[in-house]
Amino acid sequence: MTLTSTDAEPHVARNYSPIPVTAATAEGAWVTDVDGRRYLDCLGAYSAVNFGHRHPRLVAAARDQLDRLTLTSRAFRSDRLEPFCAALAELCGKEMVLPMNTGAEAVESGIKVARKWGYDVKGVPDGQAEIVVAHGNFHGRTTTIISFSDDPDARNGFGPYTPGFVQVPFGDARAIADAVGENTVAVLIEPIQGEAGIVVPPDDYLPRVRALCSEHDVLFIADEIQSGLGRTGTTFACELWDVVPDVYLLGKALGGGIVPVSAVVADRDVLGVLHPGQHGSTFGGNPLAAAIGHEVVDMLSDGSWQQRAADLGAHLHARLRDFVGHGVVAVRGRGLWAGIDLEPEQGTGKEFCIRLAEHGVLAKDTHGSTLRLAPPIVVTEDEIDWAMDRFADALDFSRR
Ligand SMILES: Cc1ncc(COP(=O)(O)O)c(C=O)c1O
């Protein structure tokens, strides 16, 4: 099968360059296109489909709520929001939840909360708050967030930029120590950098960041929007290093692959700095989102999804390691999440993903010749083996 890239969407803004597959239906780990071709989804909507497409429990929760109440705005209470927030707070071992919609909104909200905490609690002079971030970060697409990105595509042409951010190399705790000053209110990092290519930091990094933040009265904000909720074989990637941040930023899989649901989760001494009128969202915490998010939290509460991601992830990584030196330069990741650097002869990551799709597997490049695999956790070991055989088929040695 050959996939051809035509301009099939003349009315869609060109902020993406999709692989030429037009999905029509999906179930579990499989997607079917408009021509009836089936693909194993090894991207999982960038970890937003951790539980598979249209998981029956999540669809049932959504349907049930669709028949009861979908939107009130926060002008009134719904009977869904407090139970959802209580359950999510418990999953995180925290006290409060600020519900939002997209991941970028959770990040924006986390930044606002950290600044407010800095002024109200830490005593930083007004307008002087600084947040330490990492090179290679990806936290979303809003004007403030791209202000501290070092990806030229994400950043260039969108200034003026929001000040108040200090960039340091990812994985270097000493650089954070050097960057932290009197006005630092937070360190904001992805525990494993997703968009950068599933970059796993050295084992002492997160424990040292945790210690530094505690020592200097600085909030440790972990953006677990892509890494969290089972993906790495644990509920949160931070757990891989026994680290508990002050603030979790969650999104993607929290919406069960059905609706956008995101959240800032922290203790009362942090989230309690927000008072009525200081932050909000018409859709944040809506009853439909809360019902689905609550079901996601319930599904994660017995640890079986996390265990499945750990077990299948070990298998996936073992299979991928066999490709190193045979078309692949390096493989990284944890759990059911892998970044793969291709040898230059394989062409760009995008070219490889198109070949992979022609063999029936959906994946996505991150940048250059790196691609990312994040299959839904419902995938089976046999399906992973099948995908790895297709991966071998897609490797192109004719160019050497
Ligand atoms: C770590 C991280 N943070 C934030 C975001 C932004 O999420 P959204 O696209 O829902 O705004 C992403 C999206 O890929 C992400 O990977």
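Biologist: Which residues of α12 are buried?

Modeller: This is a predicted model, in which local features need pLDDT of at least 70, side-chain atom pairs count only at pLDDT 80 or more, and totals for chains, interfaces and linings use all residues. Residues are numbered from 1 along each chain as its sequence is written. A residue is buried if 20 or more other C-beta atoms, placed from the backbone, lie within 10 Å of its own, exposed if 12 or fewer, and partly exposed in between. Helices are DSSP runs of H or I with at least four residues, strands are runs of E with at least two, and both are numbered from the N terminus. In α12 the buried residues are Gly349, Phe352, Cys353, Ile354, Arg355, Leu356 and Ala357. That is 7 of the 10 residues of the helix (residues 349-358), so α12 is largely enclosed by the rest of the structure.

Biologist: What do the buried residues of α12 pack against?

Modeller: Two residues are in contact if their C-beta atoms, placed from the backbone, lie within 7 Å. The buried residues of α12 pack against the strands β3 (38-41), β12 (338-342), β13 (361-362), β14 (364-367) and β15 (370-373), and against helix α13 (381-394). After α12 comes glycine 360, with a positive phi near 95°.

Biologist: Where is threonine 348, and what does it touch?

Modeller: Threonine 348 sits in the loop between β12 and α12. It has 16 C-beta neighbours inside 10 Å and therefore counts as partly exposed. Leaving out residues up to four places away in sequence, threonine 348 touches Asp365, Gly368 and Ser369.

Biologist: How should I read a sheet? In what order do the 7 strands of the open sheet lie?

Modeller: Strands of a sheet pair through backbone hydrogen bonds, either parallel or antiparallel. Here two strands pair if DSSP finds at least two bridges between them. The order is β4-β10-β9-β8-β7-β5-β6, and the pairing is mixed. β4 (96-100) and β6 (165-168) stand at the edges with a single partner strand each, so one side of each has no neighbour in the sheet. On average, neighbouring strands are turned by 20° against each other, direction ignored.

Biologist: How many bridges join β5 to β7?

Modeller: There are 4 bridges between β5 (residues 130-134) and β7 (residues 184-189), and these strands run parallel. Isoleucine 131 has alanine 186 in β7 as its bridge partner. For an antiparallel case, take β1 (residues 23-27) and β2 (residues 30-33), also joined by 4 bridges. There alanine 23 stands opposite aspartate 33 in β2. The hairpin of β1 and β2 has 2 residues between the strands, and its glycine 28 takes a positive phi near 60°.

Biologist: Which strands does helix α3 lie across?

Modeller: Angles run from 0 to 180 degrees between N-to-C directions, with axes fitted to C-alpha atoms, for helices over the stretch in contact. α3 (residues 81-92) lies across β4, β9 (247-250) and β10 (262-266), at about 115° to β4. α4 also packs on the sheet, touching β4, β5, β7, β8 (219-223), β9 and β10, and its direction makes about 30° with that of β10.

Biologist: Which residues have the most contacts inside the largest nonpolar core?

Modeller: A nonpolar core is a set of buried Ala, Val, Leu, Ile, Met, Phe, Trp, Tyr and Cys residues joined through C-beta atoms within 7 Å. The largest has 120 residues, and Leu88, Val187 and Leu219 have the most contacts inside it. Helix α10 (residues 287-300) gives the largest share, 9 residues. Among the residues that leucine 219 touches are Ala114, Trp117 and Val185.

Biologist: Which residues come nearest to the ligand?

Modeller: A residue is near a molecule or strand if its C-beta atom, placed from the backbone, lies within 6 Å of it. Of the 15 residues around the ligand, the nearest are Gly103, Ala104, Gly140, Ile225 and Gln226. α4 (residues 103-122) gives the most to this shell, with 3 residues.

Biologist: Where is the cis peptide bond?

Modeller: It runs from glycine 159 to proline 160, with omega near 0°. Proline 160 is in the loop between α6 (152-155) and β6.
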